[in-house]
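Work through the exercises below with the sequence and the model side by side, trying each task before reading its solution.

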Amino acid sequence: MATDAMTTDAAALARQWMDADAPASPESYLQAGRRRFLRNRVGLAALGVLGLLVVTAVAAPVLTTYDPNVGVPADRLLPIGADGHLVGTDEQGRDMLTRLFYGGRLSLIAGLTPVLIATVIGTFLGSIAGYLGGWVAAIVMRTMDMFYAFPAVLLAIAISASLGPGLVNVIISMTIIYIAPIARVAEAATRKIVTAEFIEAARLTGAGTPRIIATQVLANIFSPIFVYASGLVGLSIVIAASLSFLGLGVKPPDAEWGFMLNSLRGTIYVNPWVAALPGLFIFATSISFNMLADALRDALDVKD
Amino acid sequence: MATIIGRRVAMAIPTLFGVSILIWLLLSILPGDPLAFLLPQDATPADREQLSADLGLDRPLVVRYVSWVGDVMTGDFGYSPFRRRDVSELIATAWTNTAILAGVSAVFGLTIGVAAGTLAGVYRGSLIDRAVTGLAIVGLSVPSFWIGILLLILFSAQWGLLPAGGIGSLEDGYLDYAKHLVMPVIAGSLITIAITARVTRASIVETYQLEFVDLLRAKGLREYQVLLHVSKNAMSPVLTTAGLQIGYLLGGSVLIETIFSWPGLGQLVFNAISARDLLVVQATTLVIAVTFVLLNLAVDILQIAFDPRQKAAG
Amino acid sequence: MAVTAVPERTARQQPRPSVGSVASSAPAPLLQVEGLKTQFPTRGGWLTAVNEVSFELAPGTVLGVLGESGSGKSAMLRTILGLQPKSARISGEVILEGRDLIAMSARERAAMRGSSVSMVFQDPMTALDPVFSVEQQLVETIRRHHPMSGEEARGRALELLHLVQIPSPERRLKAYPYELSGGMRQRIVIAMALVSNPTLLLADEPTTALDVTVQARVLDLFHELKGREGMSIIFVTHDLSVAAEIADEIAVMYAGRIVEQGSVEELVRSPQHPYTRGLLEANVRPGQADRPEAIRGAPPNLANLPPGCSFAPRCDLVEDACWSALPEPVHVSASHFARCRLVTASESN
């Protein structure tokens, strides 16, 4: 019964089974994340929509020949599908598509910038509080807690109102409201790793606190902060548009989606669907960022 | 249990002071000239100093803060030269109107959110779960003021079914009053529905994975009995969110009330911003923030009542 | 081999009733498990947690199921009760008192649970609902199976607490789980399992999570329950000495399969499977019970089982043939078998 052929077979089976468990070459955390992201069709579609919105905003002067700020009074309030104006004109006879393209510039800037700045400041405050603990953490984090006593939108409105209208002031006020939540995430993430061996090892090599935070801590709290901040962008786009809608953002005649929505509000009895278009763009941008954030969270495997 | 509630209440007091300091600082020391709009174009520097002294703006910051808090605690929010009324009077009417709108929106939004989230959590992975999860992300992303405008286009401009704005009067009957509420409530509570549904679903799903659920089933309990146990255990994060939601509704009221001309705190703030009537902005923000802190305190106390483990911690 | 290392306790075990599984003269079995297979979907394919398990259990007997963590012993208990996750794939038969638990509707099965068959879980800290009182949790169980007034059910709940030897039961009834010790909680879980005098009690490592002194007392409680008329117990454990103390018969599970089964004496005196021998060796060294040191390597990946004997990669006595074909059960006596191709050979030596 025992033959050479059988022995070889068995050995091959054994080897085959033993090998099957170990992947050929272990992929890194980020490689695995990218592979998972590229498999997520919803995330890719969201990325595609955002890419399109960015391109139309940046390349607006190439894509259209109309002036975004000067209209033809005779062509006021043309409906969707009018001759020469694909999606109609606004109350001053300006081409809507042109203004939607140009409007994307300020809307995207106003939504993204506060998240970026707040991420830098919040990460700084949170990682220092989390690393040092003690009274530093107490002061920083209790101050941050104060911001939780406000509905965020209201606080942004109040700060913006006291600073006066203007895009920069909108960005400042929104930055202020995002710092606290990001600092919380950064502090929690830092506290989790501060006792880890590699931090201990860095300390033993004589590295000072700023150096350890810059090299060891930041690298290890990046994922949760990145995922949290990317989840904020969708909301931020809506809040920025809200502030503009209330007249706190851009000044006329600049195009910005939230502000356009407000100025077209009076025309809904005359030219309803054109009036709704800027909102559609805000919504498309916001939902794309939210879906992208969900996809990133799944890909990087961060628990809420 | 009484002691732990007492402790929570005591903990809210420094928060309230912090809130008042923050608001006061924001609107007192930030750039922007509070006098610019109060003075006539041709005002002289002497006029300016006179007005500054009249308003007490020449005193040191700390003194100004203390006197402001003192006034506020006695219900004196100052006088609005723009509206020619006491600020407290303006706020009292507006607060009631906002409380009605936010209250109805909260009940509507939380009920639908909890129901949808529970369904999705119980039937995890099913078609209904995917529908709820998908719609929740839509609700989370959609600007409330845009939904408000879409509703106005459809129900007011196109079909003429609902009044375009304003608050109904009870003298015209409950139906008329309710008709005025429909659109603001729907537009305002979409985000509440979305967030509540997400949180409820996540909490239900997580609770179903706990081991005691296996024991409930091993005891032979019917699925609806298991769901009762799961719901009570899953309630804590939902309650916490509910408190925060009411805050979003209060904050979002600025947009909704502006679109639907609802005479509440939101509209009051909006008009005050346009007129740069900072005293009203300050007072309204403070009232909303205090309402928010107190509501979250109420939620905290409710949590204690529902969770026997927290009762003991006191 | 260190087969001489028989745990001391077995020596003073009382004579057992004859074990029903293989003996021909046995009465009709209470429970008959036939070809039971439980699989879970994973990224790496179907994970086979319980693999073609078959055994019988006579009324009033205790079957100890012995195995490492991940050997499929808990998954088997849950499958018997129908508590596997929805995504799981089940095949085979579980016939309790003539009715197939796998084939019956979810509704019928729910009605059987807690009445004919009930279960005691491993960790009493997580098994009870933290936001309901002991009374609420006991009373709902009683009234589910025996329609009666709340007051009557409360009386019955008190009786049950007496039965599981909880001191001052009136006070404990009002308590919430977090107010009770681990041992106390486990007694309450046991009380819930006894609500309808089940004919079959499934115990999933009921003493593992408890302090050593408490373990002994809960084990004593199981000894007393064992004497109750008609109740059979499947007692899952990774601790051979516990199994030897409580059980009439022991089944050793490895990678989802029963690799050896026999009466306690047979299994402890003359273990046949190299894995069982390893477990016995490990057991003489304290603190090594969960991951027997005497057996090298780790349990196999259940989503990718070797084509032959699952134990081959860790076996010191492995031969080429072990890799290619699954060994059939080899009986060394009417009530004792092992799934190892070396068994007859090692007996004849």
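Domain bounds come from an automatic or database domain assignment. This is a predicted model, in which local features need pLDDT of at least 70 and side-chain atom pairs count only at pLDDT 80 or more, while totals for chains, interfaces and linings use all residues. Residues are numbered from 1 along each chain as its sequence is written, and chains are lettered from A in the order in which they are written.

**Exercise 1.** Find the domains of chain B and state what separates their centres.

Solution. Begin with the assignment, which gives chain B domain 1 (2-76) and domain 2 (94-274). Then take the centres over C-alpha atoms, which places domain 1 of chain B and domain 2 of chain B 35 Å apart.

**Exercise 2.** Describe the side of chain A that touches chain B.

Solution. Two residues are in contact if their C-beta atoms, placed from the backbone, lie within 7 Å, and on this basis 36 residues of chain A meet 42 residues of chain B. Next come the elements, where helices are DSSP runs of H or I with at least four residues, strands are runs of E with at least two, and both are numbered from the N terminus. Helix 7 (152-163), helix 10 (209-245) and helix 12 (272-300) of chain A each give two or more residues to this side, and helix 12 of chain A gives the most, with 10 residues.

**Exercise 3.** Describe the side of chain C that touches chain B.

Solution. Here the contact takes 26 residues from chain C and 19 residues from chain B. Among the elements of chain C that give two or more residues are helix 3 (106-112) and strand 6 (117-120), while helix 5 of chain C gives the most, with four residues.
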